[in-house]
Amino acid sequence: MDPEIAALAGTAGTTLVTLMATEAWQGVRDGVVGLWRRARPDRADAVAAELEATREDLLAARDAADEETEEELSRDWQGRIRRLLAARSDVADDLRALLDEVSPDTPPAAPVITQRATASGSGRVYQAGRDQHIHER
C-alpha cells in the first residue's frame, strides 16, 4: 500500500476516535458516513451504526480511564479507513478535506494586519507585529 495512503488512514482513524468525545462529533460522523456512502453505499448504514457503537465504547473507556481501549478503537478505525482507501483511492481527497475541516490541530486563521506609518523631518517610526523593545542612547 502507498505509504501516503497508510499515513492518511492512520491520521484519520486517530482523529475520528478523538473527536467522538467532542462537540464536533455529529459533523465528523456525517462526514465519514458520507465518504462510505460515495465509496461503498452498501456499507454506509452499517458504518453509521459501527461509529455509534465505537463512540459508546470510547465514552465508557474514558470514564474508566482505559487508554488501552481508546488506542484499540483508533487502530480499528485506522484499519477500516485503510481498507476503504485501498479499494477506492479516489476518496482520499475527500477524506483529506474532511480532516482539514474538523482537525483539532488546525489553528484558526490569523487576522490580516496592515500597518502604515509616516515620519517627517527627524521623526522615527517603529513598527512591530509583536513585542518591540527600543533602547536609545
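The largest nonpolar core of this predicted model comprises 31 residues, and Leu16, Leu51 and Leu85 have the most contacts inside it. Such a core is a set of buried Ala, Val, Leu, Ile, Met, Phe, Trp, Tyr and Cys residues joined through side-chain atoms within 4.5 Å; buried denotes under 20% relative accessible area, exposed over 50%, and partly exposed the range in between (1.4 Å probe, protein chains only). At least two residues of this core come from each of helix H1 (3-19), helix H2 (25-39), H3, H4 and helix H5 (92-102). Helices (H or I, at least four residues) are DSSP runs numbered from the N terminus.

Residues are numbered from 1 along each chain as its sequence is written. In this predicted model, local features need pLDDT of at least 70 and side-chain atom pairs count only at pLDDT 80 or more, whereas totals for chains, interfaces and linings use all residues; side-chain values use heavy atoms, with hydrogens and water left out.

- Apart from neighbours within four places in sequence, Leu85 is in contact (heavy atoms within 4.5 Å) with Ile5, Leu8, Ala9, Val91, Ala92 and Leu95.

**Packing of H3 and H4**

- Helix H3 (residues 44-63) packs against helix H4 (residues 67-87) at an angle of about 160°, and their axes are 9 Å apart.
- Axes are lines fitted to C-alpha atoms, for helices over the stretch in contact, and angles between N-to-C directions run from 0 to 180 degrees.
- H3 and H4 are therefore roughly antiparallel to each other, given that angles over 145 degrees count as roughly antiparallel, under 35 as roughly parallel, 65 to 115 as roughly perpendicular and the rest as oblique.
- The crossing of H3 past H4 is left-handed, a term for a near helix turned anticlockwise from the far one by less than a right angle.
- From H3, Val47, Glu50, Leu51, Thr54, Asp57, Leu58, Ala61 and Arg62 meet Thr69, Glu70, Leu73, Trp77 and Arg80 of H4.
- By class, this contact of H3 with H4 has six nonpolar, two polar and five charged residues; Ala, Val, Leu, Ile, Met, Phe, Trp, Tyr, Cys and Pro count as nonpolar, Asp, Glu, Lys and Arg as charged, and the others, Gly among them, as polar.

**Packing against H5**

- H2 and H5 pack at an angle of about 175°, with 11 Å between their axes, and are therefore roughly antiparallel to each other.
- On the H2 side, Val28, Gly31, Val32, Leu35 and Arg38 meet Asp94, Leu95, Leu98 and Val102 in H5.
- The contact of H2 with H5 has six nonpolar, one polar and two charged residues.
- The axes of H1 and H5 cross at roughly 40° and come within 11 Å, which makes H1 oblique to H5.
- H1 passes H5 in a left-handed crossing.
- Glu4, Ile5, Leu8, Thr11, Ala12, Thr15 and Leu19 of H1 make this contact with Ala92, Leu95, Arg96, Leu99 and Val102 of H5.
- Eight nonpolar, two polar and two charged residues form the contact of H1 with H5.

**Loop residues**

- Ala65, in the loop between H3 and H4, has a positive phi of about 55° although it is not a glycine.
- Ala65 is exposed, at a relative accessible area of 65%.
- Arg43 lies in the loop between H2 and H3 and is partly exposed, with a relative accessible area of 28%.
- Beyond its neighbours within four places in sequence, Arg43 is in contact with Trp36 and Glu50.
- Arg43 and Ala9 are 34 residues apart along the chain, and their C-alpha atoms are separated by 18 Å.
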